[in-house]
Amino acid sequence: MDKMIRLSVFRFDPEAGDKPFMQAFEVPVTKPGMKLLDALNYIKWHIDGTLTYRRSCGEGVCGSDGLNINGVNGLACITEIAGLKQPIHVRPLPSMLVIRDLVVDMDHFFDQYRQIKPWMQTSTPVPEHERLQAPQDRAKLDGQYECILCGCCTTSCPSWWWNGDRFLGPAALLQANRWIVDSRDEATGERFDQLEDAFRLYRCHQIMNCMEACPKQLNPTAAINHIKRSMLKRQS
Amino acid sequence: MISNRQQPLSPRLSVYRWHLTMVASLAHRASGLFLIVFMVFYFILLSLMTGAPEQFDLSLSLMHSLYGRVLLWLGFASFVYHFLNGIRFLLLDAGYGESRYAMRLSARMVLAVTLLMAAGAAVALL
Amino acid sequence: MKHDQGVSHHGVGEWYWQRASAVLLMFLLPCAFYVLGMVYAGVWQQSDVLRIVQMPWVRVLHSLLLMALLLHAYLGIKVVIEDYLHITGIRVSLMFLITSLLAVFGIAWLALIWGWA
């Protein structure tokens, strides 16, 4: 158990005014099945308290600790050290403004999520009890609703890197599809209208980095393809 | 996104791992662009082939020259790749093979078949 | 942060035509490479090439192939330019230049197919 784990961690301190750099750390194996987050915690608690990163639930539900790990985006809390090549390169999510160390500015990401109006929109009167959904309609939400908005997919997408100001990115588009396929939502037409744009939707070129990055094993590329097909169906 | 001096942009292309599906997408783009260049070469060849008899012979010697054979090989490889991956993209657009497993497998198959056919063409042409 | 500029209400058309032309090319482009292969290998003489290229229905298909090719190339270049070039002036002028070149190229090729020259 005394084997050391080698890490190379992205550091940036806005107050120092220096350029970002990679800092090497060595961390002992503290427990079997140790996760990357455990190693980062060890650094923060025992080696360098200034290391800054986001974390909360520690079990892949909150989506706070999305990072670029050995070149692929994923959640530190559910990524096992054992499967990683060392030194483990830990960087912030790509193509994001870095606030400090591994913490990035997520405002634009959540703003794009807001743009697709991620809530149920209805025009019919509210029923006495609730809006019901048949089991087979509910099944259509599987693979869509599980998204935890960690940002791993969107920040892995080259189309979003080059045109992130206009292209909504895989996370927002997966959720757009989640509401498009929801049988209870009554704003499907307006949702399509909001996406009929060469940049907002059609920048996706099936690169599929999003699918590879998603820590919840979802498939935003397939969701985007579904939106495109529905859009064609509407026009022809 | 407006970047300022305080906040650097985190590294992206320089650090991201090249997944096979990403290679497949970029290769589709690259092969497509090369095919446009090849189209010009094809036009020259076609106008020679349909011209006077000595122009036809010129087209043959053009094709059999070293540069000609390299161009033909590149054109053939680009065409095979763009053709196969194009079918893959069309099938995905139509909703076939959309599982995570199928997306990876199809990218791998398309790249492998192209490599094999390009190798075969290299033996024949170069 | 800039204000939301709304949707352009365009995108599905270009997406559709890129794929429609791709289906045509899937059937016709292999023929073009077949011709090249036959000539390269010396299987076809010039008389064979001329006989085939001058058949009326081959001329029609050949023209169709050319149209699909130009459309497919135009849309493909447009997507690539939109991805990587972000200055509107450069983008628009470059697209203008490329569209013009493709048009001239297309007319020259049509002239070859139908023997206008």
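Predicted model: local features only at pLDDT ≥ 70, side-chain atom pairs only at ≥ 80, totals over all residues.
Residues are numbered from 1 along each chain as written, and chains are lettered from A in the order written. Local features need pLDDT of at least 70, side-chain atom pairs count only at pLDDT 80 or more, totals for chains, interfaces and linings use all residues, and side-chain values use heavy atoms, without hydrogens or water.

Me: What makes E15(A) and R100(A) a salt bridge?
Reply: A salt bridge needs a side-chain nitrogen of Lys or Arg within 4 Å of a carboxyl oxygen of Asp or Glu. Here the closest N and O atoms are 3.2 Å apart, so the pair qualifies.

Me: What does the pair of E15(A) and R100(A) tie together?
Reply: E15(A) lies in the loop between β1 (4-11) and β2 (21-28) of chain A, and R100(A) in strand β6 (residues 98-100), so the pair ties together parts 85 residues apart in sequence. Strands are DSSP runs (E, at least two residues), numbered from the N terminus.

Me: Why is E15(A) called exposed?
Reply: Exposed means over 50% relative accessible area, buried under 20%, and partly exposed in between (1.4 Å probe, protein chains only). E15(A) has 67%, so it counts as exposed.

Me: Is D38(A) buried or exposed?
Reply: Its relative accessibility is 19%, so D38(A) counts as buried. Its salt-bridge partner is K31(A), at 3.6 Å, N to O. K31(A), at 38%, counts as partly exposed.

Me: How many salt bridges are counted between chain B and chain A?
Reply: Two. In one of them, R104(B) pairs with E212(A), the closest N and O atoms being 2.9 Å apart.

How values were computed. Helix = DSSP H or I, 4+ residues; strand = E, 2+ residues; numbered from the N terminus.
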